[in-house]
Amino acid sequence: MNETTIEIKHLKPPAGPEQFEHRNLKQGEFWRHVPAYKDVDETTFLDHLWQQKHAVKTPDELLDAIKDLCTPEFFADVADGFKRAPMAVRVSPYALSLIDWSDPVNDPIRRQFVPLASTLLPDHPRLTLDSLHEQDDSPVPGLVHRYVDKALFLPLNTCPVYCRFCTRSYAIGPDTENVDKVGLAKTPKQWEQAFQYIAERPEIEDIVISGGDTYQLPAKNLTLIGNALLDIPHVRRMRFATKGPAIMPMKIITDTAWFDALTQVVDRGRSMGKDVVLHTHFNAPEEITWITQKAMNMLFERGIFVRNQSVLIRGVNDTPERMQLLVKRLEYVNVHPYYVYMHDMVKGVEELRTTIQTSIDLEKFVRGSTAGFNTPLFICDAPGGGGKRDIHSFDYYDRENGICVYTAPSVKKGKAFVYFDPVDKLSPEAQARWAVKEIADQMIAEALRKAGDAADELVLA
Ligand code: SF4
């Protein structure tokens, strides 16, 4: 048979290697470089119970795992960091094995989960513990009703990992030396109040089940919650929120009971014309490995849609190249890059926050590098309870002093909400102004005046 060669005219030059980096997922038994896991085989490492059992919770457990991969100075820094952290620490072996131990101080996984005393910065002077004021919008324990048609259900306060920057550091995880945690409703009996409240509010169509983390719900409780909410006629959409796929993807692969329970709720919802999806929380491209891809394929095969909500974190994903790589890697493993949030104004992690301008610049860079439906929305969850605002929708942004004013007419009409850039990212002159309370008050008042008449009351975090 004669083969005809068709000559195709390429208008674009060949793509460079950087265009393929998102496909370059970590392969093989990458965990064996950590001394404690050097003899751990694949079956054991993929066992979610083994991962939970060996999660690191204290400085000594960390040292036991990594041994001479860290210096005595680093270890002392960690020990001091643990003492000063508002969040308890829990890091899975999976996450620990993704850290580059030749440079742990700057590693994006270490920055998220392992506190160091030496990198701490003073909190912003206007920061409070529950910066989103979730407790003000909580009609019954464990339920937040802020937006008209949506409620946030918090049925537990534990997670498979504790993120240093957690918005709910006021409630999540065990008490620490610095914070006594607020109680959430944690038992099926206590959840009934939340179900009753939702049933009595016909405007609520959308429920986020978070926590804590739905990875930690036993399969039978996941089924109980899923069915109870599906049985409420006006509930149309549900999202199970979990950080799990980012730090322990093997649970999808080996916790068959949990995975089947999720599938059954999703399938039952679909049969009722209701949308049930999984929301997850990847922040660094390194969190996505061959294990993640395998787990995400399993979810995809069962028709379970996964959306991602990242947090914009300094030193983790705050450069155009890293944010673009994260977005492309997410879509490569069939996870929809839905949101990139500004880091909330959370106690004890000021070195992880960055500016509103950074978010605006990242959005500009990422948009156009892939399909629009896979381009995340860059969001500021307005401190004080204003809800999620498009990053560009501020009423006024004083870049010099790092004061950004948002209003939210459909959430809290007539009120203004202010996000503050971290002080250390401002000029020395602006930093000096923030050091004097009266001057800071004047700067905020001036920003509100310039924001115009959109609001008549200021709500600070
Ligand atoms: S997994 Fe979510 S709820 Fe849990 S500590 Fe992290 S951010 Fe907070």
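Q: Which strands each supply at least two residues of the lining of the largest pocket?
A: β2 (150-153), β4 (237-241), β5 (275-280), β6 (306-312) and β7 (336-342) each do. Strands here are DSSP E runs of at least two residues, helices H or I runs of at least four, both numbered from the N terminus.

Q: What kind of model is this?
A: A predicted one: local features need pLDDT of at least 70, side-chain atom pairs 80 or more, while totals for chains, interfaces and linings use all residues. Numbering starts from 1 along each chain as its sequence is written, and side-chain values use heavy atoms, without hydrogens and water.

Q: Which strand gives the largest share of that lining?
A: β7, with four residues.

Q: How much space lies in the pocket?
A: About 920 Å³. A pocket is an open set of points on a 1 Å grid over the protein atoms alone, where a 1.4 Å probe fits, with protein on both sides within 12 Å along at least five of seven lines; lining residues have an atom within 4 Å of a point.

Q: Which lining residues are closest to its centre?
A: Thr-167, Arg-168, Ser-210, Gln-309 and Tyr-341, out of 39.

Q: New topic. How do α7 and α8 sit?
A: The axes, lines fitted to C-alpha atoms over the stretch in contact, with angles from 0 to 180 degrees between N-to-C directions, come within 11 Å and cross at roughly 20°. That makes α7 roughly parallel to α8, a label for angles under 35 degrees.

Q: Which α7 residues make the contact?
A: Pro-188, Trp-191, Phe-195 and Ile-198. Contact means heavy atoms within 4.5 Å.

Notes:
Angles under 35 degrees count as roughly parallel, over 145 as roughly antiparallel, 65 to 115 as roughly perpendicular and the rest as oblique. Grid points are joined across faces, edges and corners, and a volume is the space filled by probe spheres set on the points.
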